[in-house]
Amino acid sequence: MDLDNCIKKRVSTKNYLDKNVPNDVLGLILEAGSLAPSAGNLQNWKFIIVKDQEKKQEISVAAKNQNWMNQASVFIIVCNDKDLITSMYGKRGELYSSQDCAIAAQNIMLKTVDLGLASCWIGSFDEEAVRRILKIPENVNPELILTIGYPAEETQNVDREPLKGITFFEEWGKNMDEKSLFPLGQTAEQFIKSISKEEFDKKSLIEKFKSMFKKKVAPEA
């Protein structure tokens, strides 16, 4: 699957099939996580794979009793060996170490989509309980939990804020009607929706798109 589709299809999934995720597939998913960038290339993440149903149940209880989690074939607990980073970057390294784990987790979630699976990020849990269940050392933080499995239903895209509403130029709060940045995706979508069967002729399609695009992005008088 191409990257654009992986990004668009990735949603938080809480309904999974009773279907095992094979270890070779897990290997591809974890490799994607390991290829993420990290501060100083120190790669401070560690991944704990949990398939044991009893342990998953304990972890779901520690995660505020989110019982839906137990449907997932696998939990991946992304752990943060923060001492690797703080020894080089000091106090600021605590932030860098969390950022590194987040980027690795995003790679993992995108790879699950690429392989026909789904995931959900869980950040709300009792850290000490998870540490105890999985025997995680005191100097390592369980940063987040990812549920991984085969989705039980077709995932639906989630509405997002329009790009224009979340983008500033040069300084906070400075908006611009930047037509070269915002309109193309909307223009293409509107164009596709507007095509009738009678218009499926190469020449007419080209002329129609040229007309719509020119109208959309032409400088205002």
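This is a predicted model: local features need pLDDT of at least 70, side-chain atom pairs count only at pLDDT 80 or more; totals for chains, interfaces and linings use all residues.
Colleague: Let us begin with helix 2. How many residues does helix 2 have, and what distance does it reach from its first C-alpha to its last?

Modeller: The span of a helix may be set beside the one expected from its number of residues. Helix 2 covers residues 23–34, which makes 12 residues. From first C-alpha to last it reaches 16 Å, close to the 16 Å expected at 1.5 Å a residue.

Colleague: Which residues of helix 2 are buried, and why can they be said to line one face?

Modeller: A residue counts as buried under 20% relative accessible area. In helix 2 this holds for Val25, Leu26, Ile29, Ala32 and Gly33. Viewed down the axis of helix 2, the buried residues fall within an arc of 120°, so they line one face of the helix. The face turned away from that buried side carries the exposed residues Asn23 and Asp24.

Colleague: Asp114 lies in helix 5. Which residues does Asp114 touch, leaving out those up to four places away in sequence?

Modeller: Asp114 touches Met1 and Cys6. Asp114 and Leu3 are 111 residues apart in sequence, while their C-alpha atoms are 8.3 Å apart in space. Asp114 itself is partly exposed, at a relative accessible area of 26%.

Colleague: I turn now to the nonpolar cores. How many residues has the largest nonpolar core, and which have the most contacts inside it?

Modeller: A core of this kind joins buried nonpolar residues through their side-chain atoms. The largest here has 22 residues, and those with the most contacts inside it are Ile59, Met69, Phe75, Ile77, Leu134 and Ile145. Helix 3 (53–62), strand 2, strand 3 (118–122) and helix 6 (127–134) each supply at least two residues of this core. Helix 6 gives the most, with four residues. Leaving aside neighbours within four places in sequence, the contacts of Ile59 include Val50, Met69, Phe75 and Ile133. Apart from this core lies another, of 19 residues, among them Val21, Ile76, Val78 and Tyr150.

Colleague: How many aromatic pairs does the structure hold?

Modeller: There are two aromatic pairs. In judging such a pair, planes over 60 degrees apart count as edge-to-face. The rings of Tyr89 and Tyr96 have centres 5.2 Å apart and planes at 80°, so this pair is edge-to-face. Tyr89 is partly exposed at 32% relative accessible area, and Tyr96 is partly exposed at 23%. Phe168 and Trp172 have ring centres 4.8 Å apart and planes at 70°, so their pair is also edge-to-face. Phe168 counts as partly exposed at 31%, whereas Trp172 is exposed at 78%.

Colleague: Finally, over which rings do Lys19 and Lys56 lie?

Modeller: Lys19 lies over the face of Tyr150, at 4.2 Å from the ring centre. The charged end of Lys56 sits over the ring of Phe75, 5.8 Å from its centre.

Notes: Residues are numbered from 1 along each chain as its sequence is written. Side-chain values use heavy atoms; hydrogens and water are left out. Buried means under 20% relative accessible area, exposed over 50%, partly exposed in between (1.4 Å probe, protein chains only). The arc is that of the directions from the helix axis to the C-beta atoms. Rings of Phe, Tyr and Trp (its six-membered ring) pair if their centres lie within 6.5 Å; planes under 30 degrees apart count as stacked, over 60 as edge-to-face and the rest as tilted. A charge sits over a ring if NZ of Lys or CZ of Arg is within 6 Å of the ring centre and within 35 degrees of the ring normal. A nonpolar core is a set of buried Ala, Val, Leu, Ile, Met, Phe, Trp, Tyr and Cys residues joined through side-chain atoms within 4.5 Å. Contact means heavy atoms within 4.5 Å.
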